Structure formats: C-alpha cells, structure tokens
Amino acid sequence: MARPTKAGMDYFPFNVDFFEDDKLQLIEAEFGDKGIIITIKLLCKIYKENGYYYQWGDDQCLLFSKNAGIGIGPNLVKEVINGLVRRSFFNKGVFDKFNILTSSGIQKRYFEATKKRHDVTVFTEFIVIDDINSINSNINSVNSDINPQSKVKERKENKSKGKERV
C-alpha cells in the first residue's frame, strides 16, 4: 500500500530580511511584537496544514488564538489578519472570495519546496501565481467546487456460461 501524499511541509525557508519588509514593519508598528508573532505562527500554520493556503474562519481564529499563547485573543488575531490583507501580505482577492490565507510568496516557496514530490494537488481558485508548472511540473489542478472522487478498483466477477447455481 502506498504511503499517503503529504499536503504540508515540515519546514519552510525563512528569509533573513523578513523583519525588514515594510509590510511587516507596519504590522509591528500597529500591533507590536504580538503582530509579528501572530504573522510567523500563521506562516507556520499555512505551511504545515496545506502548504500553500489556509482556510480561515471564526473557529480557526478561536483555536489559533488559544494556541498562540502570550495573551493573544481572537480580536487581536482578526485585526492583525485584516492588517496583513490590507497591506497585501496575504492576497486580498482570494481572502475576500474564499476566506483563504495565501500569497504569491507563500505559493512560490511551497511549489519550489515540493518539486521532488511525485504528486501535488492544488485548488486552482486559490492560485495567485502565474505559472506554477514552471516551478513544479507535478501539479494536479482541482476545481474546489467539485468534490474530489476517489479511484476505486472495479471488481470483475466471473460469469458462468452455464446455469446459475442455487
């Protein structure tokens, strides 16, 4: 039996100039160190769960704030996410339409890191980069409006040419 395909990643590249990005400096100016911690923990959640996106909602926000620790409440998490979306750290179009946290940088890092995987399945509606196949040729696109169907091996039954036995 084949090992199931892993969706997320165990680690991700972290740029050494991450904290010098204007978007992040504005988050830090507005929300302090907690804004930075929330951002980094969100990136960890995204890369761990699905690799290139994370479905966001009230329940995820509540669990995230509970697990974030250091007195981070759900209202602060929502404010930081809104600030990250407003400053284009996360893609606004995909967030507004699907409540998905993702960005072109996240997706480029994910698809680059998964080049050697034999099979990477993506939801095309969440993709914000132009040509993922130039980064990773093992991409299988899925329409998120369609439920994925499992492949079932059909069983062939022997049919007798004579009379049926009772």
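User: Start with H3. Which residues on the other side of H3 are exposed?
Analyst: Asp59, Leu62, Leu63, Lys66 and Asn67 are exposed there. Exposed means over 50% relative accessible area, buried under 20%, and partly exposed in between (1.4 Å probe, protein chains only). Helices are DSSP runs of H or I with at least four residues, and strands are E runs of at least two, numbered from the N terminus.

User: What are the ground rules for this model?
Analyst: This is a predicted model, where local features need pLDDT of at least 70, side-chain atom pairs count only at pLDDT 80 or more, and totals for chains, interfaces and linings use all residues. Residues are numbered from 1 along each chain as its sequence is written, and side-chain values use heavy atoms, with hydrogens and water left out.

User: Back to H3. Which of its residues are buried?
Analyst: Cys61, Phe64, Ser65 and Ala68. Down the axis of H3, these buried residues fall within an arc of 95 degrees, so they line one face of the helix. The arc is that of the directions from the helix axis to the C-beta atoms.

User: What do the buried residues of H3 pack against?
Analyst: H2 and H4. Contact here means heavy atoms within 4.5 Å.

User: And just after H3, which residue takes a positive phi?
Analyst: Gly69, with phi of about 75 degrees.

User: Now the core. How many residues are in the largest nonpolar one?
Analyst: The largest nonpolar core has 27 residues. Leu42, Trp56, Val77, Ile81, Phe90 and Leu101 have the most contacts inside it. A nonpolar core is a set of buried Ala, Val, Leu, Ile, Met, Phe, Trp, Tyr and Cys residues joined through side-chain atoms within 4.5 Å.

User: Which helices each supply at least two residues of this core?
Analyst: H1 (22-31), H2 (33-49), H3 (58-68) and H4 (74-86). The largest share, six residues, comes from H2.

User: What else lies apart from this core?
Analyst: Another core, of eleven residues. Val94, Tyr110, Val120 and Val122 are among them.

User: What does Phe90 touch?
Analyst: Leu42, Ile46, Leu84, Val85, Leu101, Thr102, Ser103 and Ile106. That leaves out residues up to four places away in sequence.

User: Next, Gln107. Buried or exposed?
Analyst: Gln107 is buried, with a relative accessible area of 0%. Gln107 is found in H6, residues 104-113.

User: Which backbone nitrogen lies 2.9 Å from a polar atom of its side chain?
Analyst: The one of Val128. Leaving aside neighbours within four places in sequence, Gln107 is in contact with Tyr52, Thr102, Phe126, Ile127, Val128 and Ile129.

User: Last topic. How many salt bridges does the structure hold?
Analyst: Five. A salt bridge is a side-chain nitrogen of Lys or Arg within 4 Å of a carboxyl oxygen of Asp or Glu. One of them joins Arg86 and Glu30, at 3.1 Å, N to O. Arg86 lies in H4 and Glu30 in H1, so the pair ties together parts that are 56 residues apart in sequence.

User: How exposed is Arg86? And Glu30?
Analyst: Arg86 is exposed, at 51%. Glu30 is partly exposed, at 40%.

User: Which residue does Lys78 form a salt bridge with?
Analyst: Asp58, with the closest N and O atoms 3.5 Å apart. This pair links distant parts of the chain, with Lys78 in H4 and Asp58 in H3, 20 residues apart. Salt bridges that share partners also join Glu30, Arg86 and Arg87 into one network.

User: And what about Glu49, which partner does it have?
Analyst: Lys45, with the closest N and O atoms 3.4 Å apart. Both lie in H2, four residues apart, about one turn of the helix.

Terms used
Polar contact = N/O pair within 3.5 Å; in protein donor to acceptor, adjacent residues only side chain to side chain.
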